[in-house]
Structures are given as C-alpha cells and as structure tokens.
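Here is a briefing on one protein model. Keep the sequence and the structure open as you read.

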Amino acid sequence: NAERDLAPLAPSVVRALNDKLYEKRKVAALEIEKLVREFVAQNNTSQIKHVIQILSQEFALSQHPHSRKGGLIGLAACSIALGKDSGLYLKELIEPVLTCFNDADSRLRYYACEALYNIVKVARGSVLPHFNVLFDGLSKLAADPDPNVKSGSELLDRLLKDIVTESNQFDLVGFIPLLRERIYSNNQYARQFIISWILVLESVPDINLLDYLPEILDGLFQILGDNSKEIRKMCEVALGEFLKEIKKNPSSVKFAEMANILVIHCQAADDLIQLTAMCWMREFIQLAGRVMLPYSSGILTAVLPCLSYDDRKKNIKEVANVCNQSLMKLVIPEDDETDEAKQSMTLPAEPTSEESLSKPEAASSGESLSELDVTALNQPLSFPCSCERIQVTLNLDGIVQVLDCHLHDTSIGMMTRIAVLKWLYHLYIKTPRKMFRHTDSLFPILLRTLSDESDEVILKDLEVLAEIASSPAGQTEGQGPSDGSDVRPGPVELHVPARAGQLSS
C-alpha cells in the first residue's frame with residue numbers, strides 16, 4: 001500500500017530514502033533529481049507538486065528520524081532539478097525544511113541547514129518574498145549549541161546576505177517588525193546575528209534603514225551594553241554609520257521620534273552607552289535645533305548631573321557640557337510671548353505636548369502665518385502642505401521643575417548647581433514674563449543657596465536674585481497692563497546679611 005501511495009517514487013527510491021546510511025539516501029536523491037528533471041521537460045507541474053508533497057508529508061515531517069533526513073535531501077534534489085523554476089514551488093520546499101530547524105536531533109538540524117542552503121542557492125532572488133521566515137529560522141540557529149549546526153547556519157546566512165545585497169527587491173517595510181522584535185534578544189549569538197544584518201542592510205545603497213531607525217534605536221543601545229567586546233564593537237560601528245548618515249541627510253531624520261530614546265540612554269549606568277547616547281544628543285540638538293525644545297526637561301534631567309563628573313568620566317562630562325550650552329542657545333526672547341499671542345500668529349490647534357513634533361514636517365523653522373502667502377489668510381481651512389509647520393513651544397514649566405529639583409538635591413555637585421543657576425539667569429533674561437510666574441516657588445531655594453559652601457555658586461545665585469529684583473516683568477505688576485517695554489528700573493541694592501539665608505533690603 002505504501003509503495004502505491006508514494007508513486008511516482010519507485011519502491012527502491014522510497015526504501016533508500018528511509019535508510020540510515022547517508023550514502024544510500026544520497027543515491028535516492030539523485031534518482032529524484034532525474035525524475036523531476038523529466039517532469040520539468042514535460043511541463044508536468046501536477047506531478048512536480050505531487051513529488052514535493054510526498055517528500056514533505058511522508059518524509060520530512062515523518063516521526064522517523066531517518067525518513068526526515070531522506071525527506072530533506074529529497075527536497076534539496078527537487079530544487080536542484082527545478083533550477084530557475086524552483087521559485088514557483090518555494091513555499092512548499094522551504095516550510096518542511098524550516099520545521100526541521102527545531103528538531104531535537106542536532107544532525108537533523110544540520111541536514112536541514114544543508115538542504116535549505118541548496119534550495120536558496122538555486123532560487124537566489126526568488127527567495128526574497130520568503131525572507132522573513134528564513135531570517136526567523138536563521139536567527140534561532142545562530143544561537144544553536146551545536147558547533148556544526150552553527151557553522152552550517154553561518155554558511156546559509158552568508159548566502160542570504162549576498163542575495164539581499166545584490167537585489168533591489170528587498171521588502172524593508174515587511175522586515176522591520178521582525179527586526180524590532182528580535183533586536184531585544186539577550187542571547188549573544190542572536191545579537192551578533194542581528195547586528196551583522198543591520199550592518200549589511202546599511203551598506204546597500206537601495207535600502208534606506210534610516211527611515212526606520214526610531215523603531216530599532218532603543219534595541220541597538222541595549223545591545224551596546226553586551227558583555228562581549230566583539231558585539232559592543234560591532235554595535236558601535238553600526239551606530240556610528242547611522243550617525244554619519246544623519247549628519248549627511250538631516251532633513252529626512254525623525255529627530256523628535258528618537259529624542260526620548262536618547263534621553264533614557266543618556267542616563268545609563270554603562271559608560272559606553274551613556275557616552276554614545278550623549279554624543280547623539282549633541283548632534284541632535286545642533287542639527288535639529290528648536291525641534292528638540294519640547295524635550296528640554298528630559299534632556300536637562302539627563303545632562304545636568306554629568307556636568308559634575310570627575311576625570312574618570314571626562315569624555316561624558318565634556319559632551320554633556322556642549323549639549324547644555326547648545327540647548328540654552330535655543331531659548332529666544334520670542335519664547336516669552338504669551339501662548340494666546342502665538343496662537344493668533346500660528347496655525348489653529350497648536351499642540352502643546354511633546355507629541356506636537358511626531359510629524360517630520362514639524363521643522364525647526366517655526367514659520368508663522370504672517371510670513372506666508374497673504375492669500376492663505378483668506379482660506380484658513382485649506383492650508384497647503386508646506387504651511388502646516390507647527391511652531392515649537394517651549395515647555396518652561398517642565399524646565400523650571402527640573403532646575404528646581406536639582407537645586408533642592410543636596411547630593412549634586414558644584415558644577416551642576418552652577419549650571420542650574422546659569423539656566424535660571426538665562427531664562428529670566430530671555431523669558432522674564434513667563435519666568436515671573438515661577439518666582440514665588442523659586443525664591444526660597446534661591447535664598448537657601450546663599451549659604452552654599454562654594455563662592456562661585458553664591459555669586460551665580462546673587463546674579464539670579466539681582467535679575468529677579470530688576471526684572472521688567474516684576475515691575476509692571478500692579479501698574480496696569482504691561483506695554484511690553486523693556487525699560488529697567490534703577491539698580492536694586494542687595495544686602496547679604498552675615499547669616500546667609502535671609503534677605504533684607
């Protein structure tokens with residue numbers, strides 16, 4: 001009965017495929033190759049499908065290990081016989097082989113690698129529509145405990161990389177969700193496998209991985225903390241390549257979507273992760289400008305503590321200092337305008353949260369309607385695309401909260417305290433009206449800071465207090481509405497009593 005069911009395979013072929021000796025299974029595979037070639041010549045697709053189905057169901061997916069081995073070599077023989085036509089039957093050829101990737105027997109996993117290598121080698125570019133299942137299977141074998149299986153999977157991996165590199169039909173959109181999921185693997189070999197693929201995809205001119213960087217950046221920073229020096233180095237190279245690309249094409253970079261990821265990794269305990277994230281942050285602030293403003297409070301939370309690092313973390317301290325200075329320069333007097341005044345000048349429904357920059361169009365130009373074509377004013381409901389740029393809003397409350405928090409923290413270093421006071425001084429100069437709302441809450445801690453052990457901190461503190469005392473925003477309170485003039489009153493004299501902590505005029 002079995003022999004009748006397995007036609008067109010001859011009984012001798014069936015017996016040999018089930019044999020425990022590799023040589024006999026190989027002879028059977030050559031017979032299968034000859035048979036399939038005949039069917040190809042006759043254009044007999046139904047018989048080709050039938051042979052593949054028998055090899056798959058009765059052999060490759062059999063309960064018997066020798067039958068499974070016979071099925072694998074038989075499927076590879078079919079593929080070789082089909083040649084360029086193998087693309088028509090790839091799903092049927094690949095799936096049973098991938099099932100054997102999970103076999104408990106390491107010899108079987110090795111034979112599965114060998115069979116798939118032969119199938120892929122014949123099909124070349126035709127395997128790309130099945131790339132995700134191949135990648136999925138290979139990523140598991142990359143961590144296989146058996147060295148033979150691992151070396152077999154590496155051969156197959158190299159072949160697949162060659163195919164992707166020479167093809168212009170790689171489906172990046174379909175691949176990204178799988179990459180995003182696998183990038184969080186904790187296994188060293190799986191991580192190495194992932195990074196090696198990212199480096200390959202980055203090197204292909206037709207593949208723009210930069211568009212999808214927000215989806216994999218967090219995973220890359222996690223891998224950067226791996227225990228293996230080699231993996232850390234590979235990951236550093238990959239991140240370095242991405243940063244080069246970002247500098248080359250800043251206009252197409254989704255800065256806002258990656259800002260919070262960098263904020264998190266700028267606070268990492270691992271020095272390499274922290275330094276790399278801080279270098280990225282420096283570039284982001286300098287390249288994206290005011291696009292980064294809505295993330296200021298997070299950036300300051302990450303950057304300020306680094307300013308007090310000692311020489312052991314000198315590199316991080318220096319980059320953090322540049323980040324801090326660059327961010328400070330982004331605050332301008334226009335940020336002091338009331339939100340109502342801004343809204344009358346900008347587009348309706350101006351988002352005020354961090355999500356306001358989730359669109360790439362949220363450019364740093366801060367274009368307002370007054371600068372646009374006058375005709376746009378008469379058609380408020382049909383703005384052209386280029387006009388949909390949303391003006392960046394400074395989240396001053398968040399920044400002040402972070403600065404206040406750092407000033408209250410007695411454990412922070414002197415350089416951080418000085419930087420906080422410089423920020424407060426800067427904000428009182430650039431945005432006096434908005435800062436005046438925070439004066440009541442800031443005043444007690446500023447007074448307490450006068451008893452600081454550092455003279456430099458006290459001097460900076462006095463500068464802030466003097467600026468508050470002479471602020472035009474404060475002077476206009478109770479004198480009718482502000483006319484917006486920046487006329488400063490006469491100098492205010494500050495007397496510091498012997499016992500610091502109290503101010504008397």
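Just after helix 7, arginine 124 takes a positive phi of about 50°. Helices here are DSSP runs of H or I with at least four residues, strands are runs of E with at least two, and both are numbered from the N terminus. This is a predicted model: local features need pLDDT of at least 70, side-chain atom pairs count only at pLDDT 80 or more, and totals for chains, interfaces and linings use all residues. Residues are numbered from 1 along each chain as its sequence is written, and side-chain values use heavy atoms, leaving out hydrogens and water.

**Helix 7**
- At the start of helix 7, a side-chain oxygen of aspartate 105 comes to within 2.9 Å of the backbone nitrogen of arginine 107.
- Helix 7 covers residues 106-123, and its 18 residues should span 26 Å at 1.5 Å a residue. The expected span is 1.5 Å times one less than the number of residues. The end C-alpha atoms are 26 Å apart, which agrees.
- Its buried residues include Leu108, Arg109, Tyr111 and Cys113. Buried means under 20% relative accessible area, exposed over 50%, and partly exposed in between (1.4 Å probe, protein chains only).
- The buried residues of helix 7 pack against helices 3, 5, 6, 8 and 9. Contact means heavy atoms within 4.5 Å.

**Helix 14**
- Eight of the eleven residues in helix 14 (residues 255-265) are buried.
- Among them are Phe255, Met258, Ile261 and His265.
- Their cover includes helix 12, helix 13, helix 15 and helix 16.

**Nonpolar core**
- The largest nonpolar core has 155 residues. Such a core is a set of buried Ala, Val, Leu, Ile, Met, Phe, Trp, Tyr and Cys residues joined through side-chain atoms within 4.5 Å.
- Helix 15 gives the most to this core, with ten residues.
- Residues with the most contacts inside the core include Leu9, Ile32 and Trp280.
- Isoleucine 32 touches Leu9, Val13, Leu17, Val51, Leu55, Gly74, Ala77 and Cys78, leaving aside residues up to four places away in sequence.

**Cysteines**
- A search of the whole structure finds zero disulfides. A disulfide is a pair of cysteine sulfur atoms within 2.5 Å.
- Cysteine 100 is buried, at 2% relative accessible area.
- Cysteine 405 counts as exposed, at 51% relative accessibility.

**Whole protein**
- The protein has 25 helices and zero strands.
- Of its 505 residues, 48% are buried.
- Among contacts with a separation of 6 or more, 71% join residues 24 or more positions apart.

How values were computed
Polar contact = N/O pair within 3.5 Å; in protein donor to acceptor, adjacent residues only side chain to side chain.
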